[in-house]
Amino acid sequence: SGSSDPYCMVKVDNEVVARTATVWRSLNPFWGEEFTLRLPQGFHSLAVYVLDEDTIGHDDVIGKVTLSRQQISAQPRGIDSWLSLAPVDPDKEVQGEIHLEVQVPKQGHPRVLRCHLIGARDLAPRDPSGTSDPFARVSCCGQTRETAVIKKTRFPHWDEVLEFELAEGELGDGVLSVEVWDWDIVGKNDFLGRVEVLLDTSGPTEGWFQLLPFPSGAEEPGGQLGSLRLTVRLLEDKVLPQHYYQPLIQLLAEPLRSPGQPPAGTALDVLEEVTSGDSRQDVATKLVKIFLAQGLAVPFLDYVIARELARTTDPNTLFRSNSLASKSVEQFLKAVGLPYLHEILKPVVNRIFEEKKYVELDPCKMELSRGRRVRGHVPSHPSVPCGPPRWHLVASWRCPRRRISFKGSLSEAQVRESSLELLQGYLGDTVDAIVSSVDKCPPLMRAAFKQLRRRVEERFPSPQHEDVRYFAISGFLFLRFFAPAVLTPKLFGLREQHAEPRTGRTLLLLAK
């Protein structure tokens with residue numbers, strides 16, 4: 001059909017740890033999925049494979065992106081870029097480990113670095129016999145040495161010491177690179193893997209090191225196999241016993257436990273002032289978790305909401321920015337209300353996925369033909385925009401992207417009427433489920449919204465602003481809670497797969 005059904009598989013050290021949903025019939029898929037992986041201390045690499053799902057037979061591998069731990073650690077703020085997909089040959093995937101001992105003398109003249117290559121195990125087979133002819137190539141300080149070739153084995157034992165003379169007063173680039181190759185008498189040698197060892201003068205470095213592929217290069221989209229947009233961030237947290245955190249928690253919670261108007265300049269005030277837009281969601285998530293555990297989530301939200309209201313002069317802009325208050329309420333709803341969201345929305349969302357009805361309101365995107373279609377274009381006119389119906393326009397003009405059909409066509413009015421009927425049915429069921437769910441709504445959510453309403457009434461008491469108290473609640477409940485879940489149910493755990501294009505269009509119109 002000229003397209004693919006792509007999905008991604010995430011591997012850490014050749015072990016599958018995560019899989020995205022499949023995006024059907026697309027060469028430009030958007031997943032928008034986020035995984036938090038708890039990794040072992042000694043992990044070496046992270047690889048993302050892009051595959052094409054096939055109903056019959058094996059899935060086709062399109063390409064992969066590989067990032068070493070050193071590459072990820074070198075970017076404290078994380079990697080966020082397009083990475084070109086590298087080809088994947090199942091017979092040439094890197095595997096195995098190498099046993100090394102590296103000694104760097106602290107002093108001496110000349111200073112000689114000694115690399116003891118002991119052996120390797122579980123190397124990839126590169127020859128028709130199911131074995132390889134491995135040798136190692138070691139590079140350091142601009143010098144390169146090689147071991148002998150061990151024939152017909154995947155478990156070579158070299159037991160060779162390669163020596164490198166170091167320039168006085170330096171360790172070169174501070175890295176020793178070891179590559180393992182399969183020797184071929186005809187043609188090019190086959191790559192078996194590589195490892196980089198940081199040079200350390202405090203003592204010998206010895207152990208088994210996992211062999212890694214060559215790192216992927218960052219390029220603009222448009223490589224031969226395409227490119228993958230990734231955001232990868234490595235966080236290494238040291239978690240202390242709980243009592244170490246009590247002074248910090250008490251400092252943060254101090255204005256919430258104090259009666260009356262909290263004083264200015266509290267720790268929460270300072271934290272809000274210094275938090276940038278990029279990190280505001282992370283800060284809000286952590287604060288919500290802390291105060292939920294302390295039983296102070298509602299007082300915390302009340303505190304940041306009161307500060308936000310004090311800065312707002314126009315009720316029409318209330319909670320429209322991604323402030324700490326807005327982000328905190330949003331994260332609170334996800335933490336507290338996800339089971340409630342599932343109970344309310346799942347029946348309607350499942351029905352939309354199962355029925356796969358055609359729904360469209362934009363005349364420029366309507367498919368009007370039931371029978372044979374002939375693609376064509378009517379010349380456009382500069383005074384006639386494409387978009388929602390404008391009934392005052394001249395009736396003979398049509399959107400230039402309209403499909404023209406000569407047989408079995410539905411009229412634009414029929415498609416619009418059918419779509420409106422379906423959307424109103426879905427919307428009615430959704431709103432009825434929400435309105436009748438008072439008893440199912442978590443008490444913490446109800447308490448938080450009750451306090452929000454009271455604060456808004458105090459800030460905007462005039463009769464002309466009577467509706468603001470309800471807009472403030474519906475802005476969070478619908479725009480930041482229900483509507484995003486309808487638009488992308490996969491990201492809220494309502495479905496295991498992303499919607500196909502037709503169903504996705506229905507969900508988009510329903511969310512709007």
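Predicted model: local features only at pLDDT ≥ 70, side-chain atom pairs only at ≥ 80, totals over all residues.

Guide: Residues are numbered from 1 along each chain as its sequence is written, and side-chain values use heavy atoms, with hydrogens and water left out.

Visitor: In what order do the four strands of the open sheet run?
Guide: In general, strands of a sheet pair through backbone hydrogen bonds, either parallel or antiparallel. Here the order is 2-1-3-4, with antiparallel pairing. Strand 2 (15–19) and strand 4 (60–68) are the edges, each pairing on one side only. Two strands count as paired if DSSP finds at least two bridges between them; strand 3 (residues 45–52) and strand 4 have eight. Within that pair, Asp52 stands opposite Asp60. Strands (E, at least two residues) and helices (H or I, at least four) are DSSP runs, numbered from the N terminus.

Visitor: Which residues of helix 3 are buried?
Guide: An α-helix has 3.6 residues a turn, so residues three or four places apart point the same way. In helix 3 (residues 267–274), Leu268, Asp269 and Glu272 are buried. Their directions from the helix axis to the C-beta atoms fall within an arc of 105°, so they line one face of the helix. Glu273 and Val274, on the other side, are exposed. Buried means under 20% relative accessible area, exposed over 50%, and partly exposed in between (1.4 Å probe, protein chains only).

Visitor: How many salt bridges does the structure hold?
Guide: Side chains of opposite charge can pair when their charged atoms come close. The structure holds 26 salt bridges, each a side-chain nitrogen of Lys or Arg within 4 Å of a carboxyl oxygen of Asp or Glu. In one of them, Glu53 meets Arg19, with the closest N and O atoms 3.0 Å apart. Glu53 sits in the loop between strand 3 and strand 4 and Arg19 in strand 2, 34 residues apart.

Visitor: What is the distance between the closest N and O atoms of Glu236 and Arg69?
Guide: The closest N and O atoms of that salt bridge are 3.1 Å apart. Glu236 is in the loop between strand 14 and helix 2, and Arg69 in helix 1 (residues 69–73), so the pair ties together parts 167 residues apart in sequence. Glu236 is exposed at 53% relative accessibility, whereas Arg69 is buried at 19%.
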